[in-house]
Amino acid sequence: MAAAAAAGGLPLELSLDTVAAPAAATTAESAVERRRRRDREVQRRRRARVSALYAELGAMLPSLPTCRPATQEKIVDAATARVEALEDMAAALEACRGAPRPGREVALSCGTVTVSARLPSPKPAGALRRVVEAFERRGARVLMATMARHGGAVVVTVTAAAAAPEVVEMIRADIASIN
């Protein structure tokens with residue numbers, strides 16, 4: 001007590017309970033803080049990975065503008081629309097897969113409708129006109145038409161404005177029935 005009185009007059013009493021308690025609390029808090037810090041780092045890496053995946057998906061979508069980054073909502077909307085368009089295209093192509101009649105081939109491309117028909121005809125007179133008429137009968141606007149001889153056949157290629165898959169199938173059937 002004499003030392004306490006000399007140091008400022010207040011008694012200084014310490015016990016093991018008061019010294020040990022803050023150390024235990026500090027250790028517990030540091031473990032909680034370490035866990036929180038680790039959880040924040042895991043979440044930060046997850047968000048960075050998800051952002052990178054959205055950016056990669058956005059880069060694969062031709063309908064998104066490239067001048068500025070798109071929002072995640074726009075990326076998902078554009079991806080959904082693209083998948084639906086690809087499913088429609090696959091259905092149209094699947095419908096055209098039917099076995100062509102011997103000696104006749106009809107191919108289809110997307111965007112605009114491009115039909116290439118190989119007709120076994122020794123005389124090409126009127127082949128181009130008959131194929132173009134098949135498009136006109138179905139209301140498809142012809143943008144370009146060409147004709148060439150290949151072996152003993154006539155190859156007619158027509159590019160037309162985009163048409164519904166059902167219309168394209170009817171045109172294909174009309175062309176396949178040309179004599």
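**Salt bridges, burial and a pocket in a predicted chain**

Reader: What makes R44 count as partly exposed?

Author: R44 has a relative accessibility of 45%, and partly exposed is the term for values between buried, under 20% relative accessible area, and exposed, over 50% (1.4 Å probe, protein chains only). The value of R44 falls in that middle range, so R44 counts as partly exposed. The model is predicted, so local features need pLDDT of at least 70 and side-chain atom pairs count only at pLDDT 80 or more, while totals for chains, interfaces and linings use all residues. Residues are numbered from 1 along each chain as its sequence is written, and side-chain values use heavy atoms, with hydrogens and water left out.

Reader: How do you know that E41 forms a salt bridge with R44?

Author: A salt bridge is a side-chain nitrogen of Lys or Arg within 4 Å of a carboxyl oxygen of Asp or Glu. In the pair E41 and R44 the closest N and O atoms are 2.6 Å apart, which is within that cut-off, so the pair is called a salt bridge. Side chains of opposite charge can pair when their charged atoms come close. E41 and R44 are three residues apart in helix 2, which means that about one helical turn separates them. E41, at 30% relative accessibility, also counts as partly exposed.

Reader: What makes residues 127–137 a helix, the one in which E133 and R129 lie?

Author: Helices (H or I, at least four residues) and strands (E, at least two) are DSSP runs, numbered from the N terminus. Residues 127–137 are such a run, helix 4, and within this helix E133 and R129 are four residues apart, about one turn. Their closest N and O atoms are 3.3 Å apart, and the two residues form a salt bridge. E133 is partly exposed, with 30% relative accessibility.

Reader: Why is the contact of R138 with D174 said to tie parts of the chain together?

Author: The closest N and O atoms of R138 and D174 are 3.0 Å apart, and the pair forms a salt bridge. R138 lies in the loop between helix 4 and strand 3 (142–150), whereas D174 belongs to helix 5 (residues 165–176), so the pair ties together parts that are 36 residues apart in sequence. R138 is partly exposed at 33% relative accessibility, while D174 has a relative accessible area of 13% and is therefore buried.

Reader: Why is A176 called buried?

Author: A176, which is placed in helix 5, has 13% relative accessibility and therefore counts as buried. A176 and V131 are 45 residues apart in sequence, and their C-alpha atoms are 9.6 Å apart in space. Across the chain of 179 residues, 21% are buried.

Reader: How do you know which residues T112 touches?

Author: A contact means heavy atoms within 4.5 Å, and T112 touches L143, T159, A160 and A162 when residues up to four places away in sequence are not counted. T112 is found in the loop between strand 1 (105–109) and strand 2 (113–119), and at 34% relative accessibility T112 is partly exposed.

Reader: What makes the second largest pocket a pocket, and which residues lie nearest its centre?

Author: On a 1 Å grid over the protein atoms alone, where a 1.4 Å probe fits, a pocket is an open set of points with protein on both sides within 12 Å along at least five of seven lines, and lining residues have an atom within 4 Å of a point. By that rule 14 residues line the second largest pocket, and A55, G58, P69, A70 and I75 lie nearest its centre. Helix 2 (16–59) and helix 3 (72–95) each supply at least two residues of this lining, and helix 2 gives the most, with five. The space in the pocket is about 210 Å³, a volume being the space filled by probe spheres set on the points, which are joined across faces, edges and corners.
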